[in-house]
Amino acid sequence: MTDLSRSALILVDIQNDFLPGGALAVPDGDSILKAVNTLARRPFRAVIATQDWHPPHHCSFSAQGGLWPVHCVAGTHGADFPEALLPEPVTHIVRKGILQERDSYSGFLDNDRATSTGLDGLLKGLGIEHVVLCGLALDYCVTATALDAVQCGYRTDVVPEACRGIESDPNDALKKLEKQGVWLKNANAF
Ligand code: VGL
Ligand code: ZN
């Protein structure tokens, strides 16, 4: 089996609002949970959950001129992790999009590349060299996080079967990731 002692699993935005019934539901989003839980039980050095965590009048909301419906408001049920996501394996939580005037698709940096979430420093401090990503939404936050992971120097894998996108056809997103140096892996590779 692969040595995972310098590897981190990053669970991107697996939150109630991105699941069926949520405010910004990703089609079929709940179908990733089984594979995600299986991955999370592998002996990764760290299992990090990113959490979209917005103030009530966040700039990404349509009432503020943004693209999205109100979602993942800090402290609400929509921002919580679903009960079906096993909590025990998660070692760290990294919140993003926490400032009213900035959005952050990536778990590393906000969209104007100004503010860091601290994720890179956390990974470097743990001696991580390799990251494995899964979660929601493939075409927004998973893609942005994976591309930043490559930029930050990590060997970066995405597990497509444990991701779903807002656009239901994953092929464009997956091609873009591969072109930029991300490896696509099956869940059973770990
Ligand atoms: C996301 C839109 C707005 C995501 C977050 O997690 O992909 N998408 N906020
Ligand atoms: Zn958001």
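Colleague: How are the donor residues of the zinc ion (ligand 2) spaced in sequence?
Modeller: The spacing is D-x1-H-x16-H. Donors here are N, O and S atoms within 2.8 Å of the metal (3.2 Å for Na, K and Ca), and water is not among the atoms, so sites may look incomplete. Please note that this is a predicted model, in which local features need pLDDT of at least 70 and side-chain atom pairs count only at pLDDT 80 or more, while totals for chains, interfaces and linings use all residues. Residues are numbered from 1 along each chain as its sequence is written, chains are lettered from A and ligands numbered from 1 in the order in which they are written, and side-chain values use heavy atoms, without hydrogens and water.

Colleague: Which residues coordinate the zinc ion (ligand 2)?
Modeller: Asp-52 (OD), His-54 (NE2) and His-71 (NE2) do, at 2.0 to 2.2 Å. Asp-52 and His-71 link distant parts of the chain, being 19 residues apart. Asp-52 belongs to strand E2, whereas His-71 sits in the loop between E2 and strand E3 (92–96). Strands (E, at least two residues) and helices (H or I, at least four) are DSSP runs, numbered from the N terminus.

Colleague: And are Asp-52 and His-71 buried or exposed?
Modeller: Asp-52 counts as buried because its relative accessibility is 4%. His-71 is buried too, at 3%. Buried means under 20% relative accessible area, exposed over 50%, and partly exposed in between (1.4 Å probe, protein chains only).

Colleague: Let us move to strand E1. Why is E1 described as largely enclosed?
Modeller: Six of the six residues of E1 (residues 7–12) are buried, so the rest of the structure largely encloses this strand. Ser-7, Leu-9 and Leu-11 are buried on one side, and Ala-8, Ile-10 and Val-12 on the other.

Colleague: Which strands do bridges join to E1?
Modeller: Strand E4 (residues 130–136) runs parallel to E1, with six bridges between them. E2 (residues 46–52) is also parallel to E1, joined by four bridges. Two strands pair if DSSP finds at least two bridges between them. Ser-7 has His-130 as its bridge partner in E4, and Leu-9 has Val-47 in E2.

Colleague: A last topic, then. How many cavities of 30 Å³ or more are there?
Modeller: There is one, and the largest cavity holds about 110 Å³ of space. A cavity is a set of points on a 1 Å grid over the protein atoms alone where a 1.4 Å probe fits but cannot get out, and lining residues have an atom within 4 Å of a point. The volume is the space filled by probe spheres set on the points, which are joined across faces, edges and corners.

Colleague: What lines the largest cavity?
Modeller: Its lining has 15 residues, of which Phe-18, Leu-24, Tyr-105, Tyr-140 and Cys-141 lie nearest the centre.

Note on methods:
On a 1 Å grid over the protein atoms alone, a cavity is a set of points where a 1.4 Å probe fits but cannot get out, and a pocket is an open set with protein on both sides within 12 Å along at least five of seven lines; lining residues have an atom within 4 Å of a point.
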